[in-house]
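Today I opened my notebook to look up charged side-chain pairs. Here is the model I worked from.

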Amino acid sequence: MNDKQRRRVERLMRSRDLATAQGGFTRASVGGTALAAITARIEEINNLAAERSTTLRAAQQSTGNRGDARNALRARLFAIIDTAETAALDFPEFKDKFRRPSTNLNDQNLLGTARSILAEATPHAARFIEYDMPEDFLNVFGATIADFEQAINQQNASKSGSSAANLAIDAALDAAELDLERLDTALRNKHAANAGILAAWKSASRLHSAPRKLKSPAPPPTEQTSAAASGRPEPKAEAESEAGD
């Protein structure tokens, strides 16, 4: 959960605990029903938060897998292109057939280029093998393309799962806070004559503000900045003083 979500959950938990200890609501009352709903929502939110943590870890892992798969694909792609450029010295039909792409291709363009090179190289597999490419180089290259595409899909799925869980947490919090409004009215009505409980409830049901970021301390003034601030002339350099002497 992010910081705002965490603070909202903590308010729900404080409110639940105080209302459970001091409320005295029956199950059939609005207060009792709202309290039960808040309790269920807190459990739901905690489960969603655990799910989101799992998908975030999966996204981090898939990011690493995607990077490894990208590097592997680029290495095999440029090995084929390098071989084709050398073969063009002996076989003119190879000249400009396997053009070297930009080194900063995005992933989708890298996939498209790799598929295109695979299609171009397939009819000339024997010629590549003459230049000591492995006999299964096309199969390995095709599998490397598939691995990279799968890594992209896995990362996208993990990110989508994390976003969905985050939206679900916000929705559950919104619903729980509607029940908190119901519980607030019920508790204030039930304990209108008990200032202690009302004060405790006001504190428990308040949404705490985010902690303020501490400002970095200002650097200590130097001799020059102190002189400038006071209006005094800056001291002359030692070397100038010695020269004057």
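My working definition first: a salt bridge is a side-chain nitrogen of Lys or Arg within 4 Å of a carboxyl oxygen of Asp or Glu. I remind myself that this is a predicted model, where local features need pLDDT of at least 70, side-chain atom pairs count only at pLDDT 80 or more, and totals for chains, interfaces and linings use all residues. Residues are numbered from 1 along each chain as its sequence is written, and side-chain values use heavy atoms, with hydrogens and water left out.

Entry one, the tally. I find 17 salt bridges in the structure.

Entry two, Arg41 and Glu44. Their side chains form a salt bridge at 3.0 Å, N to O. Both residues sit in helix H2 (residues 30-87), three residues apart, about one turn of the helix. Helices here are DSSP runs of H or I, at least four residues, numbered from the N terminus. I looked up accessibility too: buried means under 20% relative accessible area, exposed over 50%, and partly exposed in between, with a 1.4 Å probe and protein chains only. Arg41 is partly exposed at 28%, and Glu44 is partly exposed at 31%.

Arg100 is in the loop between H2 and helix H3 (107-121) while Asp82 is in helix H2, so the pair ties together parts 18 residues apart in sequence. Arg100 is partly exposed at 41%, and so is Asp82 at 37%.

Entry four, a cluster. I note that salt bridges link Asp3, Arg6, Arg7 and Glu10 in a network.

Notes. Helices (H or I, at least four residues) and strands (E, at least two) are DSSP runs, numbered from the N terminus.
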